[in-house]
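Biologist: Before we discuss details, could you put the model on the screen so that we can go through it together?

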Amino acid sequence: MLIGLGGLSGESRAQDATMESGWRTVTTGMRHFTGLTCPDQVASLSRIQVLGSGVDRIAGCVYQGTDGTNAILRSHPVGTSAQITRIFRKRYAEAGFSRLETTGAPASGVSFRTGRRGDGTRCETLWRFTAKSADYTLWMVYTLPSQAESIGPLVAAFATVMAQTDTR
């Protein structure tokens with residue numbers, strides 16, 4: 001007589017689906033089969049969604065803060081982030097958004113003014129990073145001037161995540 005263990009293997013259907021998508025649970029986050037590790041927390045932002053792959057993107061995660069800041073970290077095939085940045089710049093300009101001339105961390109990316117949020121200006125910035133094993137982009141939406149001081153530390157925290165991934 002054969003006895004099936006069914007759900008007694010210790011893995012739920014949700015875990016099976018996670019494994020099939022290539023993600024592995026690590027102590028404080030998710031690790032994609034490509035090596036990109038998306039921590040549960042990056043600075044003040046919490047990971048809220050895992051993103052799938054596509055032609056020009058390998059893996060990614062969405063992060064959100066209680067202050068209205070949102071970020072998307074993505075890995076891309078080596079050598080593709082420049083083209084992705086050009087497409088971002090072109091599409092935002094075609095949509096009628098004006099380039100944001102600023103200082104600090106937003107100035108090191110491609111930034112656009114996309115509207116108003118309360119008493120501030122809603123901004124969206126795309127930063128690109130290159131590494132040995134992959135290219136990366138970090139897209140963030142935030143409000144200036146109220147969140148101006150937090151953007152630099154957030155970008156630095158994500159840069160640390162990317163650097164740690166690239167050494168694995």
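**Pocket, cysteines and core**

Biologist: Which element supplies the largest share of the lining of the largest pocket?

Modeller: This is a predicted model, and its largest pocket holds about 370 Å³ of space. The lining has 13 residues, with His76, Ile84, Phe88, Leu126 and Thr137 nearest the centre of the pocket. Strand S7 (70-76), helix H2 (81-94) and strand S11 (135-144) each give at least two residues to that lining, and the largest share, 5 residues, is that of H2.

Biologist: Is Cys123 buried or exposed?

Modeller: The relative accessible area of Cys123 is 1%. Since a residue counts as buried when that value is under 20%, Cys123 is buried.

Biologist: Which element supplies the largest share of the largest nonpolar core?

Modeller: The largest nonpolar core has 25 residues, and Tyr63, Trp127, Met140, Tyr142 and Phe158 are the ones that touch the most other members. At least two residues of this core come from each of strand S6 (59-64), S7, S10, S11 and helix H3 (148-166). The largest share of this core, 6 residues, comes from H3.

Biologist: Which residues is Phe158 in contact with, once its neighbours within four places in sequence are left aside?

Modeller: Phe158 is among the residues that touch the most other members of the largest nonpolar core. With its neighbours within four places in sequence left aside, Phe158 is in contact with Val42, Leu45, Tyr63, Ala71, Leu73 and Leu138.

Biologist: Is Asp119 buried or exposed?

Modeller: Asp119 sits in the loop between strand S9 (110-117) and strand S10 (120-130). Its C-alpha atom is separated by 8.8 Å from that of Ser146, a residue 27 residues apart from Asp119 along the chain. With a relative accessible area of 80%, which passes the cut-off of over 50%, Asp119 is exposed.

Biologist: Where is Pro145, and what is the peptide bond from Leu144 to Pro145?

Modeller: The place of Pro145 is the loop between S11 and H3. Omega of the peptide bond that runs from Leu144 to Pro145 is near 5°, and the bond is cis.

Biologist: What is the phi of Ala43?

Modeller: Ala43 is found in the loop between strand S4 (41-42) and strand S5 (45-51). Phi is positive here in a residue other than glycine, with a value near 55°.

Biologist: What percentage of the residues in the chain is buried?

Modeller: The secondary structure of the chain comes to 3 helices and 11 strands, which run α-β-β-β-β-β-β-β-α-β-β-β-β-α from the N terminus on. Of the 168 residues in the chain, the buried ones make up 40%.

Key. Residues are numbered from 1 along each chain as its sequence is written. This is a predicted model: local features need pLDDT of at least 70, side-chain atom pairs count only at pLDDT 80 or more; totals for chains, interfaces and linings use all residues. Side-chain values use heavy atoms; hydrogens and water are left out. On a 1 Å grid over the protein atoms alone, a cavity is a set of points where a 1.4 Å probe fits but cannot get out, and a pocket is an open set with protein on both sides within 12 Å along at least five of seven lines; lining residues have an atom within 4 Å of a point. Grid points are joined across faces, edges and corners, and a volume is the space filled by probe spheres set on the points. Helices (H or I, at least four residues) and strands (E, at least two) are DSSP runs, numbered from the N terminus. Buried means under 20% relative accessible area, exposed over 50%, partly exposed in between (1.4 Å probe, protein chains only). A nonpolar core is a set of buried Ala, Val, Leu, Ile, Met, Phe, Trp, Tyr and Cys residues joined through side-chain atoms within 4.5 Å. Contact means heavy atoms within 4.5 Å.
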